[in-house]
Amino acid sequence: FADAELQNRAWLASRPGWWDTMIGPGKALDTSRYCVICSNVLGSCYGTTGPVSTDPATGQPYALSFPVVTIGDWVRLQERLVTHLGIDKLLAVVGGSLGGQQAIEWALAYPERLRSSIVLASSPRLSAQGLAFNAVARHAIRTDPNFRDGLYNGGSAPDKGLGVARMIGHITYLSELAMERKFGRRLRDREELGFHFDVDFEVESYLLHQARTFGERFDANSYLYITKAMDYSDAAVWGDGDLAAAAARARCAWLVTSFSSDWLYTPQSTREWVNALCANRLPVTAVNIESSYGHDAFLLEVSTLSRLLADFLRGVAES
C-alpha cells in the first residue's frame, strides 16, 4: 500500500492537473490575481488519510475499517484548512461534478465564509441512474477474487474489478454523440469482423486502455469510499428534505452551469437547484451550455467556461 501511494504521487507529479487549462496566470482562475487553494479529499489515495493509510492501532492499512466519509466531512476538513491558513472569507468555491456537490455543501454549511459558489456539471444529488452505475462499479471491485474483503495488502490488488469500474465510469462521462464521433464502429487492427472475444472495435480498445492505466494509479478501496460519498450527498437534508428550504441557508452569489448532453448530472437536475435558489431570491447566473461532450464537457469546453468564470469572478470581486 505504501508503494502504491508513492506511485500515485509520482504519477500526479508527472502530469498537468485536470484543470491546467483553467488555472494559472491569465487563465479563468487567474493565479496572478487570485490565490487558488486545492486540497485532496479524505478517503482518497493521493495524500490525505484514506484506506491506504496506516492505522496506528494495528500498523496495517485501514482498508475497509476506515470510517465512512461524506462530502460534508470533506467540506468540514476544507474549512479547517482555510481557517488554519487565516482566511476569514473566500471569494469563491469552485467545483465540477463531485466538486460541484462540494461547492453546494460549502454554501450551506458555511454560508458566512464565502462570497460566491460556482457549480459546474453538478446537482444537489445524484440521480437513480447515477446511483445504479456506481453500484455496478463497486460490485465489480468487490467480486474481484483479489479483493479479499479489502485486505489485499501485500498481495495482488483487485485491478480487474477496478478496471471494470473505470470502464463503466468512462461510459457515463461521454455522450452518445461524442462516442460516435470519437469511435463510431471503427475496427481496431483488423479489416473485417470475425467471431471471437478479443477486441473488435476502437471503443473496446479505448475502454480497456482506461482500465489498465487506472489500476496503476488508484486504489480500489478508495474508489469504494469516494463513490459512496457521492451517493450519500443530498443538499435537501439541510432543509429536512425540502430543497428550497435548504437553499435558504445560502448567502452568496451563484454561477451554475449544466451541459446539454450530460446524462450523469443532467440539465434538468441542475435546474432543480437553480429553481431552489431563485425561490429564495438569491443572485444566480444559470447557463446551460450546448455541448456534445457529455459530462466531460466541464473539462473540455474551456473557451466558454473561461469567459463565464473570469467575468463572474471579476464581478464578485468588484462588487
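Predicted model: local features only at pLDDT ≥ 70, side-chain atom pairs only at ≥ 80, totals over all residues.
Residues are numbered from 1 along each chain as its sequence is written, and side-chain values use heavy atoms, with hydrogens and water left out.

Let me begin with the sheet. Four strands form an open sheet in the order β3-β4-β5-β6, and their pairing is parallel; two strands are taken to pair if DSSP finds at least two bridges between them. Because β3 (93–96) and β6 (284–289) stand at the edges with a single partner strand each, one side of each is left without a neighbour in the sheet. From one strand to the next, the twist averages 5 degrees.

Within this sheet, strand β4, residues 116–120, pairs with strand β5, residues 253–259, in the parallel sense over five bridges. Which residue of β5 is the bridge partner of Leu120? That partner is Thr257.

Helix α10, residues 267–279, lies across β5 and β6 and runs at about 160 degrees to β5, where the axes are lines fitted to C-alpha atoms, for helices over the stretch in contact, and angles run from 0 to 180 degrees between N-to-C directions. Helix α12, residues 302–318, packs on the sheet and touches β3, β4, β5 and β6, its direction making about 170 degrees with that of β5; contact here means heavy atoms within 4.5 Å.

I turn now to helix α5, residues 159–173, which has 15 residues and reaches 21 Å from its first C-alpha to its last, close to the 21 Å expected at 1.5 Å a residue, the expected span being 1.5 Å times one less than the number of residues. Its buried residues include Leu162, Ala165, Arg166, Ile168 and His170, and the buried residues of α5 pack against α4 (128–142), α7 (202–215) and α8 (220–232). Buried means under 20% relative accessible area, exposed over 50%, and partly exposed in between, with a 1.4 Å probe and protein chains only.

Finally, the salt bridges, defined by a side-chain nitrogen of Lys or Arg within 4 Å of a carboxyl oxygen of Asp or Glu. The whole structure holds nine of them. In one, Arg125 meets Asp234, with the closest N and O atoms 3.4 Å apart, and this pair links distant parts of the chain, since Arg125 sits in the loop between β4 and α4 and Asp234 in the loop between α8 and α9 (243–247), 109 residues apart. Arg125 counts as partly exposed at 28% relative accessibility, and Asp234 is partly exposed too, at 25%.

Another joins Glu202 and Arg188, the closest N and O atoms being 3.4 Å apart. Glu202 lies in helix α7 and Arg188 in the loop between α6 (176–182) and α7, so the pair ties together parts that are 14 residues apart in sequence.

In helix α12, Arg314 and Asp311 form a salt bridge at 3.0 Å, N to O, and, being three residues apart, they are separated by about one helical turn.

Conventions: Helix = DSSP H or I, 4+ residues; strand = E, 2+ residues; numbered from the N terminus.
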